[in-house]
Amino acid sequence: MSESMSQEVFSGNFTQQEPIPEDAIAAAVAVMQSGRLHRYNVALEELGEAALLEQEFAAITGAKFCLAVASGGYAMGCALRALGVKPGDKVLTNAFTLAPVPGAIASVGAVPVFVGVTEGLVIDLDDLAAKADQADVLMLSHMRGHIADMDALMAICDAQNIKVIEDCAHTMGGGWRGVASGRHGVMACYSTQTYKHVNSGEGGFLISDDEEAMARAIILSGSYMLYERHAAAPAPEVFERVKYHTPNVSGRMDNLRAAILRPQLRKLDQQVAAWNARHDVVLQGLRGTPGLQVVERPDGEEYVGSSIQFLLLDWSEAKINEVLRRCGARGVELKWFGGAEPVAFTSRYDSWRYAPSEAMPKTDRILKGIVDMRIPLTFSIEDCEMLARIVKSEVSAVYQAE
Ligand SMILES: Cc1ncc(COP(=O)(O)O)c(C=O)c1O
């Protein structure tokens, strides 16, 4: 590599998302002009933006029912309540995930049981099988878009009657062997927060084919008994069965955010292709870096490369920090999941001190080595080539230094 190339500095912004598309802005302005921002503030027989959005997301995923809500975190708490998880119940979940996941479990008074992570950054199915008798529900986080072998996972869960809720915050648009991510479990949750695959600032979805669970979720979300104004909901008689026993825990989506999301959903496939083109360029560029292990994806995984992870396995804390520092000095923002203190969005299971956990040495070794980089679509393919060159040169330099 030439001297000048080793000195290149990246000037892109890792938190800069694309602008909201013009047609979405126009739809948002129309909602504001109407004054009808609340999802149930619609004329008789009229379907508002929120109801139409639910209908469209149900069609995209192939789910029978869809509910749009205030956030991905709300969707997870709502799904747990809708499935009857009670205070004191245990809920299996990933040791490698982000704070909103154990947080949703804690929000219903339940207790997370953490399941380990593999070098493929998916839930460890052996550990899941070993812990399967401890809970009736698995909150499965497809963390950073890594999807476990869903056929094997569902075989373990079905054998133990474990209900699976999928956290698809990082897999909207992805899938496993032709099945959309979120269609294996009884319910699935998505986020439409700014850093996810569609952007409404805040927001989320819940999908399911289970009519009672979805009727409960709609009432939980704050439907004020106006559930007949939904277009991707179970029949009214299902609500009759659950409505007197389901509390209102408001967390609705509004028409303004729904209007912003509908045009973005129509472009989702195109966005996924753009992310994967960028992700794959970074991945190829990182291959062969001494001391760095890329995360291989299994056949059958249909991923969305909106971020990339790699492993610096068995590196000292000092050396990992040196890589982060050197890359940072060249404009490349890396996040380390292994740090002792939770920073920004990064967390690991022993950071959540409200949730008891047993030590998991195999998982700890992997968590200590996970480095993460966002890939916003405002980066070009050439940007991604440069990012890989910078990371490769700095990791190599630190690895080879005494
Ligand atoms: C893995 C994961 N699950 C769930 C969520 C929750 O989404 P929201 O921020 O919309 O509550 C996030 C958000 O960062 C996340 O990263």
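Let me start with what I mean by contact: two residues are in contact if their C-beta atoms, placed from the backbone, lie within 7 Å. Hi everyone, and please note that this is a predicted model, where local features need pLDDT of at least 70, side-chain atom pairs count only at pLDDT 80 or more, and totals for chains, interfaces and linings use all residues. Residues are numbered from 1 along each chain as its sequence is written.

Let's begin with helix α11. Helices here are DSSP runs of H or I with at least four residues, strands are runs of E with at least two, and both are numbered from the N terminus. Helix α11 covers residues 268-286. The expected span is 1.5 Å times one less than the number of residues.

Which residues of α11 are buried? They are Trp-275, Arg-278, His-279, Val-281, Val-282 and Leu-286. These cover an arc of only 155° around the axis, which puts them on the same side of α11; the arc is taken from the directions from the helix axis to the C-beta atoms. On the other side, Asp-269, Gln-270 and Ala-277 are exposed. Buried means 20 or more other C-beta atoms within 10 Å of a residue's own, exposed means 12 or fewer, and partly exposed is in between, again with C-beta atoms placed from the backbone.

What do the buried residues of α11 pack against? Their partners are β10 (293-294), β12 (307-311) and α14 (381-400). After the helix comes Gly-288, with a positive phi near 80°.

Now, the domains. The assignment, which is automatic or from a database, gives domain 1 as 3-19 + 268-400 and domain 2 as 22-266. Their centres, taken over C-alpha atoms, are separated by 27 Å. Across the boundary, 29 residues of domain 1 are in contact with 30 residues of domain 2. On the domain 1 side, α11, β11 (301-302), β12 and α13 (361-369) each supply at least two residues. Of these, α13 gives the most, with four residues.

Last stop: Lys-196. An unreviewed UniProt entry places the feature "active site" there; such annotations may be inferred rather than shown by experiment. Lys-196 sits in the loop between β8 (187-191) and β9 (204-208). Is Lys-196 buried or exposed? Lys-196 is buried, because 21 other C-beta atoms lie within 10 Å. Not counting residues up to four places away in sequence, Lys-196 touches Ala-169, Met-172 and Ser-191. Thanks, everyone!
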